Amino acid sequence: MFRYELIKEDKHTGARLGKIHTNHGVINTPIFMPVGTQATVKSMTSEDLKEMDANIILGNTYHLYLRPGQEIMEKAGGLHKFMNWDRPILTDSGGFQVFSLNDLRKITEEGVEFCSHLDGSRHFMSPEKSIDMQNTIGADIIMCFDECAPADADYEYTKKSMEMTTRWAKRCKDAHKRPDDQALFGIVQGGMYEDLRAESVRGLTEIDFPGYSIGGLSVGESKDTMYRILDATVPLLPKDKPRYLMGVGSVDALLEGVIRGVDMFDCVLQTRIARNGTAMTSQGKVVVRNATYKEDFTPLDPECDCFVCRNYTRAYLRHLVKCNEILGARLLTYHNLYFTLKLMEKVRNAIMEDSLLAFKESFFQKYGI
Ligand SMILES: CNc1nc2c(CCNCC3CCCCC3)c3nc(N)[nH]c(=O)c3cc2[nH]1
Ligand SMILES: [Zn+2]
């Protein structure tokens with residue numbers, strides 16, 4: 001049974017310590033959730049993810065709907081069994097991916113018509129179809145089907161889009177077949193307009209959900225704009241329910257989001273930059289491809305105790321990346337996820353000790369932010 005337990009509110013900021021209880025285990029918040037787009041966190045085994053103590057990972061309705069498809073997912077007994085992951089899973093509803101992965105699409109009140117980015121076949125996704133697929137996938141936390149308005153959308157478009165997303169949220173809740181096993185989160189929209197954000201919160205809390213996501217951000221707006229919208233939106237959300245900031249983020253955005261009362265985060269950055277040869281370390285970003293590391297036989301991050309930093313050198317990692325070896329992507333992915341999960345553990349400890357702002361200052365100073 002899904003339950004959010006508020007453990008402690010930070011004395012000096014909006015940060016809070018919490019636990020989310022699900023059928024597949026407990027999630028300590030604030031939490032970073034590694035992204036698994038096609039039933040895998042790229043190059044990580046379930047054992048790797050357990051070893052780095054990942055509490056929860058993300059799946060994606062859009063990708064799984066296109067491949068392997070609902071029928072296979074059904075026959076596999078759901079995503080947990082299919083990918084051999086017995087801890088919590090959260091799925092996004094597919095709305096964002098339909099808009100971000102396809103330019104051929106048509107949005108109506110009913111839903112969205114789009115062409116598959118894989119083979120160009122035509123598809124139709126609606127609130128009901130998204131919920132049906134998410135019920136089949138069986139994730140512990142699922143998302144309403146929403147429209148993420150573009151960052152530069154004008155007031156009128158953003159207002160209409162947010163109002164439709166609210167109507168779609170009601171349709172999602174009505175279509176949800178397994179509310180006791182899968183917690184459905186509403187997604188706050190309203191673009192960069194504080195009054196539309198407040199309207200979205202009002203509409204969604206009236207329908208009532210066990211948790212709320214903040215969507216429509218990290219879509220190209222400035223960090224200051226994102227923080228301004230968070231300042232205006234988070235305080236309006238119920239304190240006794242989790243808040244999930246979608247698609248965020250880099251280490252600075254994670255800390256700034258926690259300070260503003262966000263509990264859950266997901267971001268593809270950690271795994272994406274790893275595949276491009278960049279590591280996140282306690283001294284800031286290390287682009288291992290750089291010639292400076294050619295004869296650097298020291299660990300990637302001297303302060304990290306992950307198996308990559310304990311067993312391999314920067315020179316070796318640079319060699320792997322230069323040769324475009326799969327192991328290079330795998331080792332950097334493991335370290336970047338480990339680093340981010342450890343950062344969130346330090347953040348949780350700092351909230352416990354009422355020293356979050358001091359931690360943020362010292363971390364930013366060392367990281368070079
Ligand atoms: C990167 N910035 C950003 N992401 C957003 C996302 C996606 C969050 N990440 C989901 C994972 C992506 C990879 C596959 C697994 C799921 C958003 N999603 C929804 N539904 N609505 C948004 O407004 C919404 C807004 C977002 N902004
Ligand atoms: Zn490491």
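Trainee: What span should helix α15 have at 1.5 Å a residue, and how far apart are its end C-alpha atoms?
Mentor: This is a predicted model. Helix α15 covers residues 356–367, and at 1.5 Å a residue its twelve residues should span 16 Å. The end C-alpha atoms are 16 Å apart, which agrees with that expectation.

Trainee: Which residues of α15 are buried?
Mentor: The buried residues are Leu356, Phe359, Lys360, Phe363, Phe364 and Tyr367. Viewed down the axis of α15, the buried residues fall within an arc of 125°, so they line one face of the helix.

Trainee: Why do residues three or four places apart point the same way in an α-helix?
Mentor: An α-helix has 3.6 residues a turn, so residues at that spacing point the same way.

Trainee: And which exposed residues sit on the face of α15 turned away from the buried side?
Mentor: That face carries Ala358 and Gln365, both exposed.

Trainee: What follows just after α15?
Mentor: Gly368 comes just after the helix and takes a positive phi of about 90°.

Trainee: Changing topic, which domains does the assignment give?
Mentor: The domain assignment gives domain 1 as 1–265 and domain 2 as 275–357. Taken over C-alpha atoms, the centres of domain 1 and domain 2 are separated by 28 Å. The contact takes 30 residues from domain 1 and 21 residues from domain 2.

Trainee: How much area do domain 1 and domain 2 bury between them?
Mentor: Domain 1 and domain 2 bury about 2,300 Å² between them, with 75% of it on carbon and sulfur atoms. On the domain 1 side, Leu17, Phe32 and Met52 supply 23% of the area buried against domain 2, more than any other three residues.

Trainee: How many salt bridges are counted between the two domains?
Mentor: The count between domain 1 and domain 2 is three salt bridges.

Trainee: Which side chain meets Lys8 in a salt bridge?
Mentor: The side chain of Asp354 does, at 2.7 Å from N to O.

Trainee: What is the phi of Ser43, and what is that of Ser218?
Mentor: Ser43 has a positive phi of about 75° although it is not a glycine. Ser43 is found in the loop between β4 and α1 (46–51), and is partly exposed at a relative accessible area of 34%. For Ser218, phi is near 55°, again a positive value in a residue other than glycine. Ser218 lies in the loop between β12 (211–214) and α9 (223–233) and counts as partly exposed, at 37% relative accessibility.

Trainee: Lastly, is Ser250 buried or exposed?
Mentor: Ser250 is buried, because its relative accessible area is 16% and buried means under 20%. Ser250 lies in the loop between β13 (243–245) and α10.

Trainee: Which residues does Ser250 touch, not counting those up to four places away in sequence?
Mentor: On that basis, Ser250 touches Lys223 and Leu269. Ser250 and Asp266 are 16 residues apart in sequence and 9.8 Å apart in space, C-alpha to C-alpha.

Technical notes. Residues numbered from 1 in each chain as written. Chains lettered and ligands numbered in written order. Predicted model: local features only at pLDDT ≥ 70, side-chain atom pairs only at ≥ 80, totals over all residues. Heavy atoms only, no water. Helix = DSSP H or I, 4+ residues; strand = E, 2+ residues; numbered from the N terminus. Expected span 1.5 Å × (residues − 1). Buried < 20%, exposed > 50% of the residue type's maximum accessible area, 1.4 Å probe, protein only. Arc of directions from axis to C-beta. Domains from an automatic or database assignment. Contact = heavy atoms within 4.5 Å. Buried area = accessible area lost by both parts, 1.4 Å probe. Salt bridge = Lys/Arg side-chain N within 4 Å of Asp/Glu carboxyl O.
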